[in-house]
Structures are given as C-alpha cells and as structure tokens.
Amino acid sequence: MLRGLSMFILLLWALAALFGGGFAAGANTIDLQRILAPPSELGLLGFDDLGRPLLERLIVGAQTSFLVAFGVVAVTSVIGSLLGLIAGYRGGWIDLLIVRLIEVFLAFPGILLAIALAGIMGPGLDNLIIALSVVGWVGYARLARAQTLALKQRDHVSAAIALGSGHWRILLRHLLPLIAAPLIVEATFGVAGAVIAEAGLSFLGLGIQPPAASWGSMIRDGASYMLMAPHMVLAPGCTILLVVFSLNLLGDRLRDRLDIRLTARKRS
Amino acid sequence: MTGSRSAIRVPLLFLAWLLLTACGEVLDDRVIRMGLATAPLNLDPRFATDATSARINRLLYQRLVEFDARSMPVPGIADWRRISGTHYRFRLTRPRQVFSNGQPLTAADVVATYRFVLDPANASPHRSTLTLIEQVEQVNEEQIDFYLQRTDPLFPAYLALEILPAKLIAESHPFESHPVGSGGFRIVDRSVPGRLRLERLIDHQLIELVEVKNPTVRVLKLLRGEIHLLQNDLSPELVGYLKSRDGIQLKQMVGNNFSYIGFNMDDAATGNPLVRRAIAHAIDRQAIIRLVMNRAARTAEALFPPEHWAGAVDLPPIPYDPERAKALLGRAGYGPGNPLKLTYKTSSDPFRIRLATIIQSQLQAVGIELDLRSYDWGTFFGDIKAGRFQLYSLTWVGLRTPDSFRYIFASDHVPPAGANRGRYTSPLVDELLLQAESQESLAELAVSYRHIQQRLHEDLPYVPLWYEDQLAVSRQEVEGYRLRPDGNYDGLETVELMHSRISSAELADAAD
C-alpha cells in the first residue's frame, strides 16, 4: 500500500515536471481579487498573496525541483563515482590526494558550503545546480572508493590485468558494474537530499528568483501569512514531505532489491 | 541497588523541574511593552538618522520648535521673534526644564548643541539643513540669537534638533549609549540587547520597547500578552487578522509618508517624459490600495499631502488609463515589435517585493517588460545614491519643510550634495526654487512651492504613488495611545494600562 502510494506520488511528480507546463500557464498571473483566497472550486489549493493559483505554482515548482534534483545527481554521481574509482583502483598519492579532498569537504556542513557558494555566485537555477554539485559528489566518491578497494583484489580483476586489459577498461567494464548497485541507492537518496537542499536555498532567496516558482520560495512567501492563510505553507510543505518520503522509500526498496545477500537469503 | 536508583531519580527529577519551570522570564505586569520592528541605532540626536532612533529621541530630549497638524512650526521649549530677515531671537519659555542628570536646561545648552552640529569637524549628518546659520549667540540664561547668511521665512522650522547639556557635550559624553535629555522620559535600563526600558517622568510609568523583527512573531506576542502595543510595520493581511480578534483594538489615521517611483533621467528610456507618463497611467493605484493595502493608504499627487501648509490642493490625479499608456509608449517609439525593457530596483522587504511584482504585472499589460531586482537595504540604497538604476521605489519619511524640494529636485543637489538621486535637471524648477527662497512671507512661499509641485507633476521625475496610513494595534487594556501622521511615538506620553481590563487568567499566562 505504502509502496504503491510512494510510486504514485513520484509518478505524479515526474509527470508534473515533464508534462505539467500546459496546466500551469497561469502560474504567474496576478489577480488582486483573489489574494490569499482559500481552496475552492476556482483553485483547488487556493491562491497566494498576489492572487496566483497555488496548484499551478506547485506544478512549476515541481519542474524546478525535478530539474535541480536530477541535474545535481547526474553531475555529482558521475564525478564522485569516477574520483572514487580512480582513488580506490590506483592507490598511492592519487588516493591520498582524493581522500584528503573528501575529508576537507566532509569537514564543512554541506548545506552551509552550498549557501556560501550560492551567495557568492548569485541566485539562479544554474548557480544552484553548481553550488549543490560542488558539495554533493563526496558521498559517491567515498562509497565508490571503498567498494573498489574491496573489489580490485578479486580474481576477475587480476585475470583482466593478466590478459592485458587497459585501466579504463578494467574500471568501466569490471569494477563499475559491480559497484553500481550501492551507487544507485546512494543516488536515490541523493535526489531526496537535492530536493530538500533546493527548497532550502530557495527559501533563503538564493535559488529561483521571483516571479518563477519553487517549493522553497513558496514556503518563504507563505511564512508571512501563516496566521491568515496557512494553505500557502501547507501546500508546498506537504508536497516536499511527500516527495522526499517517497524517494526515501524508493531508496530503501532499491537497497533491499539490489542487496544480493538479502535476496539470496529470501530465496533460500 | 536502591542507591543507584535514587542516583538516577534525583537528576531526572531535577531535569523535569528545570523543564517545567523554564518557561521564560517573568514579565512585570506594571510595564507597558511596545513591539518594534527595529531597535534604535543611535540615541545621540546629533548623529541619529534612522526613523526609530529619531522617534525615541523625541521622547528623551526636547526641541526649540515643534510642528502642528499642517506642519507649520510652533513653539516647542522656546518661542521666537524675528528681529530682522537674518536675525532671530529665541526665548526659552519653560525655564525650569531639567536634564535627567539634574542640570537645568539653559540657553547655553542650546548654543552648545547647535555649535556642535554646525562645526564641520564633527561631521553631523544634520549640518546640511542648518548651514544657513552664520552664528549662534547666547544673549542671557533664557535667550539665544541666531544670525543667518540670508533671509529665509522658513528658518524656525529648521530648529527641530534635540537639545543636549552643554557640560556633557564638552566632556564628549557617549549620548549614543547613555542619553541625557530633558524630555518626558529617561532610560532606566538597556542591558538586554533589543530591549530599552524607559521611565515616564511625570508618573514613573515604565515603558519597554522590545525589538521583534518578524511581524508574525510580533503579532503572536501581542496576542499572548507579551507586548501590549504595536505601531506600523505590519502587512495589511496581519492588520485584517488582528481586526477580527477579540481583545484587540486598532487605531488608524491618514499618514504623510510619501511613496513614489523614481526615475533615472540620465537613462535614454526613463529620461523620456512620454515613458514616465505612460508608466504613471499604467499603474492602477486605486486597485492596489483597495485590494492589496486593505485601504490603509490614500493616493498621492505630490511630496506633501494637501493638508500641508505648502501642499498642492488642486493637482489633477493621474488616472489609471492603460490605453493612454500604450499610446504614449507608441509615441515614444515602443510597441509590440520593440517592447520597452526596464530594470526596477527595490529593497528585500517582502511587502515591497510584493508591491513591485504587482507593478511589474500592471506594466506588462501595457507592453513594458520589467526586470525586478531586490537587494538588501545597504546595496539597494547605495545603488540609488550612485544613480545605478532605471527606476526604483522608495518612501520619503518625515518630510516637514518645503526646502526638501531643493534637496530632492535642484540640479545641483545630486548625491552626495543632496538627494536628487534621479539626476533631474530642469532650469525652470531651479529658477522657481531660487524665487521661492527669496520670498519674504510664508504665504508667498506656499504659492511658490505650489508652482514647483505643479511643474513636477507635469515633468514626473517621480511617479507619486500613495501616503500610507499610520496604524497602531493594542490590547484592550491599553488606553490613551494617540497616533501621529508621521508615525512618531509621542503617544507613549499618554498611554495607560488599565489593569481592571486584564483578566486574572491572562495575568497568570503573562507571568508564566
């Protein structure tokens, strides 16, 4: 039941992000007559402080969060996995350098570093993706390195070396497929983290700029009207909660599915 | 075993006791608490420039001159006599006034205060309004002579500076943190940051000014009884919400703080009078006031409201007329094929951003694409003073004397010399300003300034928007607080707490 619901929510999110543009044409249309109007047949989720329909703004916000989340995860997973693979496989000073770099990044709270970077680079979608990517690759690198260190002593890797395979071939054909499962699980949680981070930075005014909508900026706008129009905060707040919760459930499910030991135990 | 159990139980009980009793400070129910959006920055009136400091300094100190409802200068602690066009004699009418340190206020204190501000070495921001004064002399214990460089019938209106004790000025006393004035209040405690406790000298009533930045939190504190009184800095929606609550009273009166859209005259687009007039016709001020500001404002046509003694009463309102705006834009060479694109700067205050977004959508309806930029106050104001803008919106607060027209619109008053931030240059307005300064009587002066306002209404270096109302919200037990059109806190002189109206339950809640 819960699984089905979470998949349904994620499907809605993806559909809203990919095909919702047509339903959100009026997201920025100001209507002073409908300022802070509660949910009604005119607007299913009500209207904001400028009389704009919250449902349509939520759809635009879905596009923003989807783009940022998948953009950040794509960049960070590729860069992080590659660095982790190289560090674990090559060892020596390259490993030392990458490990030190990872430690330096881990020493900072990620979101604070992202806030500082977004502040320096200025607000905007592209800068938001860059800021979150700079701090997001570390988890993938650490995971990929640890997995590679464990796998590189395996017989099939030694055999590939003996057969004269090149380093890149060994990394991409013999190691990467074996470490892909935990990386995919990590990426799923990464999407959830990026959704929260994007909302957080937009809440602080460092993300999407008005009049464009983002779930974080919608909460920021609504915070001033909590007493009079709680729907302005509840709508984007609950949406973030549901999407992140569903992503975490998906991550857990993937981890269970891709864990060979767990699957084998179930079969036996 | 028993020993170890009690060893756990004792700290647990202590922790529980701490949690139960740590509900916050005990509030003294004899103190009237007023919530402020920002704490005062400087309680030395010689250097204070922010509105909160100026309003609190009015309570702590006294002035030679005050203003009536029409903004005409009236005697404060002194009356005056014009001996000649360039010579005024002021006489302290309340000779028994004393400073909070016990010293009497005399003519020497007035002379010392004005001499300090006039000394360029002291870099007082208020010096520029007083440069007309050539000399200040003490005649006797009660009389002071002011000698001017040229005649100016407005002169007494410039003497609204708070008076400080001469002895402490000589000793370089830190007035900014330890003010010593002769006003109706004195500071009794400012040890807690963001809290200022004043004592009203006439009846020893304690009044605490508490800084609560977030308006929602301010309202919640008012509802809970942690503060008794709020003035302005609330969104219209919060005011509407408070109106619907029991036990809350709301006072509202017309204000005179002037909101406007300013243009950069050096810019090719906004320097064009057709574009400025098109923008003026494209903004539906009535709709914004009615639907967004909850009718808590009135439309403005000039810097001063009509009730001001130099206010222009016969200026025709600029109507909302999008078709005319489009036609004017067409005449200026803009249209669907060549849309006008402008950048609009505003502060990061959420309400200002909201208004800017509405104006953006109204201008879009006539074909003007507005790019909104909101900045923190320092960056925004720095850009405006440096002329780095096409159009912006701001509010003039506390303007009293019509010499402000020279400060704001004279071509030689571009910052830092004045506040002609839009680089407005009009030989005719410069000429009219010169004529106004040579007038001998206030009646003639008023006529001159009305001509200037007429001209400005035609040229539109500013698009006049509105004068926002003054609002005070208080709990039912608060009595006697009177609002002022400029939003000062003089109402604290008469405010009372009627204890009979506080229910015992509320008192218990407040003391929690």
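Analyst: Let's start with one residue. B:Glu496 has a relative accessibility of 34%. Buried means under 20% relative accessible area, exposed means over 50%, and partly exposed lies in between (1.4 Å probe, protein chains only). B:Glu496 is therefore partly exposed at 34%.
This is a predicted model, so local features need pLDDT of at least 70 and side-chain atom pairs count only at pLDDT 80 or more, while totals for chains, interfaces and linings use all residues. Residues are numbered from 1 along each chain as its sequence is written, chains are lettered from A and ligands numbered from 1 in the order in which they are written, and side-chain values use heavy atoms, with hydrogens and water left out.

User: What makes B:Glu496 and B:Arg200 a salt bridge?

Analyst: The rule asks for a side-chain nitrogen of Lys or Arg within 4 Å of a carboxyl oxygen of Asp or Glu. Here the N to O distance is 3.7 Å. That meets the cut-off, so the pair is a salt bridge. The pair links distant parts of the chain: B:Glu496 in strand 19 and B:Arg200 in strand 9 of chain B, 296 residues apart. Helices (H or I, at least four residues) and strands (E, at least two) are DSSP runs, numbered from the N terminus.

User: Why is B:Arg200 called buried?

Analyst: Its relative accessible area is 2%, so B:Arg200 is buried.

User: Where does B:Arg197 sit, and which residue does its side chain meet?

Analyst: B:Arg197 meets B:Glu208 in a salt bridge, 3.0 Å from N to O. B:Glu208 is in strand 10 (residues 205–211) and B:Arg197 in strand 9 (residues 195–200), eleven residues apart. B:Glu208 has 7% relative accessibility, so that residue is buried. B:Arg197 has 22%, so this one is partly exposed.

User: How many salt bridges are there over all chains?

Analyst: The rule gives 38. One of them joins B:Glu66 and B:Arg58, with the closest N and O atoms 3.2 Å apart. B:Arg58 has 19% relative accessible area, so it is buried. B:Arg58, B:Arg63, B:Glu66, B:Glu162 and B:Asp490 are linked in a network of salt bridges.

User: Which residues touch B:Leu497?

Analyst: Contact means heavy atoms within 4.5 Å. Leaving aside neighbours within four places in sequence, B:Leu497 is in contact with B:Asp29, B:Val31, B:Ile32, B:His228, B:Glu477 and B:Val478. B:Leu497 lies in strand 19 (residues 496–497) of chain B. Its relative accessible area is 9%, so B:Leu497 is buried.

User: What makes a group of residues a nonpolar core?

Analyst: It is a set of buried Ala, Val, Leu, Ile, Met, Phe, Trp, Tyr and Cys residues joined through side-chain atoms within 4.5 Å. The largest one has 195 residues, and those with the most contacts inside it are A:Trp13, B:Leu64, B:Tyr114, B:Phe146 and B:Leu492. Its largest share, 13 residues, comes from helix 7 (residues 167–203) of chain A. A second, separate core has 15 residues, including B:Val219 and B:Leu471.

User: How do you know how much area chain B and chain A bury between them?

Analyst: Buried area is the accessible area (1.4 Å probe) that two parts lose on being put together, summed over both. For chain B and chain A that is about 1,400 Å², and carbon and sulfur atoms give 73% of it. In chain B, B:Glu237, B:Leu291 and B:Arg354 lose the most area to chain A, together 34% of what that side buries. The contact takes 18 residues from chain B and 14 residues from chain A.

User: What salt bridge joins chain B and chain A?

Analyst: The count between the two chains is one. A:Asp49 pairs with B:Arg354, the closest N and O atoms being 3.8 Å apart. Helix 10 of chain B supplies six residues, the largest share of the side of chain B that touches chain A. That side divides into nine nonpolar, six polar and three charged residues. Ala, Val, Leu, Ile, Met, Phe, Trp, Tyr, Cys and Pro count as nonpolar, Asp, Glu, Lys and Arg as charged, and the others, Gly among them, as polar.
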